4 protein chains.
Amino acid sequence: MSETRPQLSEARSSVGARRSEATEAAVLEAFAALLAEVGYPAITMEAVARRARAGKATVYRWWPTKAHIALSLISKAKIEIPAPRGLSLREDLIDYMTRVVGLWRGDAGLPVGLLVRHCYAEAWSDPELAAALQAERRERWTMLNAIIEAAVGRGELPPGTDLARAKDFVMSWPFYLLMTDRLPAPDEIARMVDDTLDGLRAGSSRRPSPGI
Amino acid sequence: MSETRPQLSEARSSVGARRSEATEAAVLEAFAALLAEVGYPAITMEAVARRARAGKATVYRWWPTKAHIALSLISKAKIEIPAPRGLSLREDLIDYMTRVVGLWRGDAGLPVGLLVRHCYAEAWSDPELAAALQAERRERWTMLNAIIEAAVGRGELPPGTDLARAKDFVMSWPFYLLMTDRLPAPDEIARMVDDTLDGLRAGSSRRPSPGI
Amino acid sequence: MSETRPQLSEARSSVGARRSEATEAAVLEAFAALLAEVGYPAITMEAVARRARAGKATVYRWWPTKAHIALSLISKAKIEIPAPRGLSLREDLIDYMTRVVGLWRGDAGLPVGLLVRHCYAEAWSDPELAAALQAERRERWTMLNAIIEAAVGRGELPPGTDLARAKDFVMSWPFYLLMTDRLPAPDEIARMVDDTLDGLRAGSSRRPSPGI
Amino acid sequence: MSETRPQLSEARSSVGARRSEATEAAVLEAFAALLAEVGYPAITMEAVARRARAGKATVYRWWPTKAHIALSLISKAKIEIPAPRGLSLREDLIDYMTRVVGLWRGDAGLPVGLLVRHCYAEAWSDPELAAALQAERRERWTMLNAIIEAAVGRGELPPGTDLARAKDFVMSWPFYLLMTDRLPAPDEIARMVDDTLDGLRAGSSRRPSPGI
DNA sequence: TGCTAATCGAGACGGTACGTCTCGTCTTAGG
DNA sequence: CCTAAGACGAGACGTACCGTCTCGATTAGCA
């Protein structure tokens, strides 16, 4: 993960050449391009290095695994999700989900959902990757936290609301839809949020789900 | 001269040897053994064939991909889940979830959840595999259908309950927990079901979730 | 070799179906066709059986090796070389060499020289094949024997001429040209024979050769 | 972003690792060992790589075919044949043939004749290999050239002797004996040369041969 | 006419080599 | 010291062929 790699602009005591930022960018770019062209499973470190005109040893030095390159891309993509506007719970959630689902679908030019799906699979047997994903989730939930706490503050949710449960509840459905390849289109986001809110507030079985 | 040989283009009647069931069993066994020993990503078709004492061509003849072998194992494991006992919705769901989660955890000797997780990841780029997984889900939901319809019949759920939404709702949380590596222990199943039921019936935010 | 295979018209004590001559012909035909299409090294027993619409077991039953099929073809081709006309030594040899070189070049529809070359190579490590080739040489030399003995009878060669050496001498050059891919065209045969005759007459009655 | 990185299409100056001479030697050694143990046809690229503890890709990088490895061995063996001593034609030829036949028989530790036989067979369908063999012949004939020209200079052969024909003539017999598995023993070399000389002297200055 | 072998086609099987590819490491030379 | 290039040992990939083995269907002499 990028957290464990030396800071790019950090003061260094050792002599010698510095890490090439141009190379790092070229590698990420090459990975994204290959992702679009051949799909995640067909991406190889070899091809990434070739495409980026980088030496294989250079790639391996900074990213031990292709999942780590994927995580670098996910991290880079994440920071482009702006904070919620603080409106009603429903509107904040629609805003938030629209952005998250859009990010997953690839609206930012990168199908982040695809990367997430593969990273979750590989994380099963790679504890370091699993920890990175948990951190990623925690970060995402920080923003959800703000949304839900604001809703509690506005009285839209009862004061004793369990934040952890609420966040799980809100995310479990989109995540399930992501994994089963049924991510909602932009005009279906509101319905997905409403379904979620039903359950979150005092849920019922009133409206139909997207179905399988 | 071959023109003088009889019936060259006639419909053939001879058939050749049949598929060996012993070999099929050996391959599935070998896959399960390797899964336990080296983990899913490290399994290779080569090693499966070697371990099963089967020819590589034989393995490829019947399973084009290691994910397909995993699916064969999942299917074989599925049929060991018995039908619900038809008690209350809560108890039926606890029964059902206990078995599903147990199956996923590997109580049947095979960590089916692990296989499911990897199959979902690979299905992203393999439509045939995706279809097989959808069929698998549909089959699992058949049993959920019975449970929910029985609950509607008993008046535990309103008559107009949308079955598809209810099933999605019930499965999304366990699935999410599976993917995020937080499958509940046997004594936590009841709580997970209660959380689900809250949302399913007219849910509120009464009880805390397992948390991250 | 065909000599080791059961005689087709031999008296049989057991009952049952007989060897299919149509199949034998189809196999030889398929081999010849593949020889022309893909070249000797690329011929496989599998392809021969497929092409002949014969079962692999049937092919293996009668020809243990593809070199044995080649030998069957060589033997079939050989019998079409007629006996010499008994003219002068020079003319008999030109006649004979024209036919042999023509046979090798493929004038009979089958590039026998190509088969011979490969059989000689494989015979290095297959004693049975080597014996068959020696028999094939001996048969060819029987005809040469007649030519040379007639020449001795007509006084064209001295009475004490060593037949074995003479035959070796006559065949070594065309064979060398075959192996080095320089088989003479029809109008160059006479010159080749003349070159041979110079040496044959000069050294003919001197010393016995190593023999066959 | 890669556009901003310097000198992408410029002529490269860095070079990468060089070919490993140790590996080349190990491969040739492994091939020779396998030749002695299992025979030429049973040698596989796989086994050569395994035996040489080399990667298969490394072997294929430098030798596209096992015949090419054989040629490397032949070439390495060739350079150990010393120049003729310039005595009489007969003695020079006996010297030369003794060495050539000895080389073929394997006196240098490697049965070169066996390799030659198989290379000639495979060269039928591999033009590149055929060219390499022709080059090998031409090199061998350079030495024969010297022997024959010296004989012409000493008056042992007529001044107009056709060198190409003479060389063909001298080599055709030993070659034939090699191919028919009757390579002469050391004490039979003189007789073989004498037989050859009979023809060589009689027909020497008559007509040009087909040439190499 | 029915029985009994032998032979046939087809093709699945356990093996194994093919030639290619990627892995992750190491070497080389330039900056 | 970092970099691009690329050779290296290792070994999996998916295909093809090896030679053996069932499978039924077919064929022909013997009962």
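Predicted model: local features only at pLDDT ≥ 70, side-chain atom pairs only at ≥ 80, totals over all residues.
The secondary structure of chain A consists of 9 helices and 0 strands, and its order along the sequence is α-α-α-α-α-α-α-α-α. Of the 212 residues in chain A, 52% are buried. The UniProt record, an unreviewed entry, lists residues 44-63 of chain A as "DNA-binding region". This segment of chain A is 75% helix and 0% strand, and the C-alpha atoms at its ends are separated by 12 Å.

Two packed helices are described by the angle between their axes and the distance between the axes. In chain A, helix H5 (residues 89-105) and helix H8 (residues 163-179) have axes that come within 12 Å and cross at roughly 25°. An angle under 35 degrees counts as roughly parallel, and H5(A) and H8(A) are therefore roughly parallel to each other. Their crossing is right-handed. On the side of H5(A), the contact is formed by Leu93(A), Tyr96(A), Met97(A) and Trp104(A); H8(A) contributes Val170(A), Met171(A), Pro174(A), Phe175(A) and Leu178(A). The residues of this contact of H5(A) with H8(A) comprise 9 nonpolar, no polar and no charged.

From H4(B), the residues Ala67(B), His68(B), Leu71(B), Ile74(B) and Lys78(B) take part. They meet Glu128(B), Leu129(B), Ala132(B), Leu133(B), Glu136(B), Glu139(B) and Arg140(B) of H7(B). The contact of H4(B) with H7(B) divides into 6 nonpolar, 1 polar and 5 charged residues. Glu139(B), located in helix H7 of chain B, counts as partly exposed at 45% relative accessibility. The C-alpha atoms of Glu139(B) and Lys78(B) are 9.2 Å apart, although 61 residues separate the two along the chain.

When residues up to four places away in sequence are not counted, Thr180(D) touches Tyr120(C) and Arg137(C). In chain C, the loop between helix H8 (163-179) and helix H9 (189-203) holds Asp181(C). With a relative accessible area of 48%, Asp181(C) is partly exposed.

Backbone geometry was also considered. Most residues other than glycine have a negative phi. Phi of Asp181(C), by contrast, is near 65°, a positive value in a residue other than glycine. Arg53(D) likewise is not a glycine and has a positive phi of about 50°. Arg53(D) is placed in the loop between helix H2 (45-52) and helix H3 (56-62) of chain D. Its relative accessible area is 79%, so Arg53(D) is exposed.

Note on methods
Residues numbered from 1 in each chain as written. Chains lettered and ligands numbered in written order. Heavy atoms only, no water. Axes fitted to C-alpha atoms, helices over the stretch in contact; angles between N-to-C directions. Helix = DSSP H or I, 4+ residues; strand = E, 2+ residues; numbered from the N terminus. Parallel < 35°, antiparallel > 145°, perpendicular 65-115°, else oblique. Left-handed = near helix turned anticlockwise from the far one by under 90°. Contact = heavy atoms within 4.5 Å. Nonpolar A, V, L, I, M, F, W, Y, C, P; charged D, E, K, R; others polar. UniProt positions renumbered as here; feature names shortened; annotations may be inferred. Buried < 20%, exposed > 50% of the residue type's maximum accessible area, 1.4 Å probe, protein only.
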